[in-house]
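Morning, everyone. Please look at the sequence and the model on the screen. I'll talk about strands and charged pairs.

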Amino acid sequence: MAKSENPADVRMATLILALKQQGVNDAKVLNAIEKTPRELFTPELFKERAFEDSALPIACGQTISQPFIVGLMTQALQIEKRDRVLEIGTGSGYQTAILSKMARLVYTVERYRTLMKEAEGRFKQLGLTNIITKFGDGGEGWPEQAPFDRIMVTAAAPGEPKALLAQLKPTGILVAPIGRGPVQTLRRYTGDGEGGFTVEDLLDVRFVPLLEGVAKEL
Ligand code: SAH
């Protein structure tokens with residue numbers, strides 16, 4: 001069977017086209033998405049929907065982000081291949097896997113032990129060796145490994161994420177959903193090299209909240 005006739009390839013091609021139409025046009029980002037099997041990151045019940053451009057439920061009442069949002073946030077981060085990237089909110093590990101294909105090292109923090117363990121299993125299965133995981137409160141960042149070239153927050157921060165901005169290199173970039181309500185603003189902070197930031201509002205998004213502390217349940 002020719003490659004293009006494989007149903008999974010067709011569905012992936014359809015998804016990539018949908019992302020392009022919505023403005024995700026960075027070839028490196030699209031390539032990373034294309035090479036990451038999203039069905040491996042979705043629960044059994046939703047595997048059939050892994051190629052849809054929608055968020056899906058995962059364990060612990062959390063969600064795997066919509067591919068368009070993953071693409072847009074990754075593109076907005078302008079990652080260079082030597083970068084060390086911090087991600088807050090590992091969740092399924094889907095976004096982490098995509099970051100790992102674009103950066104030198106990815107540090108990722110999750111407050112649910114179950115999600116962290118499951119994600120670690122997937123990274124191993126996919127042979128992704130440049131990801132370093134931590135179970136903890138990502139709101140505090142990862143001070144021992146700071147500063148980072150790039151930081152991505154995949155849960156909604158109530159306000160300016162000061163502790164994380166403090167762990168960014170002077171000309172680094174941080175992307176995060178900011179807001180307390182059901183709809184937040186995806187915001188990009190770009191360091192000006194002198195301790196200040198240029199702040200841009202990119203679009204309205206819906207993320208689960210960034211919660212304080214680690215989860216007591218599994
Ligand atoms: N990037 C993920 C999206 C996960 S949803 C994916 O592609 O699947 C957001 C995740 O952030 C959830 O797993 C949630 O548990 C986690 N989270 C929320 N607050 C957190 C915190 N303070 N520290 C670490 N992780 C947090």
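Gly191 has Phe197, in β9, as its bridge partner. Strand β8 covers residues 184–191. β8 and β9 pair antiparallel over eight bridges. Pairing here takes at least two DSSP bridges between two strands. Strands are DSSP runs of E, at least two residues; helices are runs of H or I, at least four; both are numbered from the N terminus.

A word on the source. This is a predicted model: local features need pLDDT of at least 70, side-chain atom pairs count only at pLDDT 80 or more, and totals for chains, interfaces and linings use all residues. Residues are numbered from 1 along each chain as its sequence is written, and side-chain values use heavy atoms, with hydrogens and water left out.

Now the sheet. It is open, with seven strands in the order β5-β4-β3-β6-β7-β8-β9 and mixed pairing. β5 (131–135) and β9 (197–205) are the edges; each has a single partner strand, so one side of each lacks a neighbour in the sheet.

Next, charges. The structure has eight salt bridges. That means a Lys or Arg side-chain nitrogen within 4 Å of an Asp or Glu carboxyl oxygen.

One of them joins Arg187 and Asp201, at 2.7 Å from N to O. Arg187 sits in β8, Asp201 in β9, 14 residues apart.

Another joins Asp149 and Lys169, at 3.0 Å. Is Asp149 buried or exposed? Buried, at 13% relative accessible area. Lys169 is partly exposed, at 32%. The cut-offs: buried is under 20%, exposed over 50%, partly exposed in between, with a 1.4 Å probe and protein chains only.
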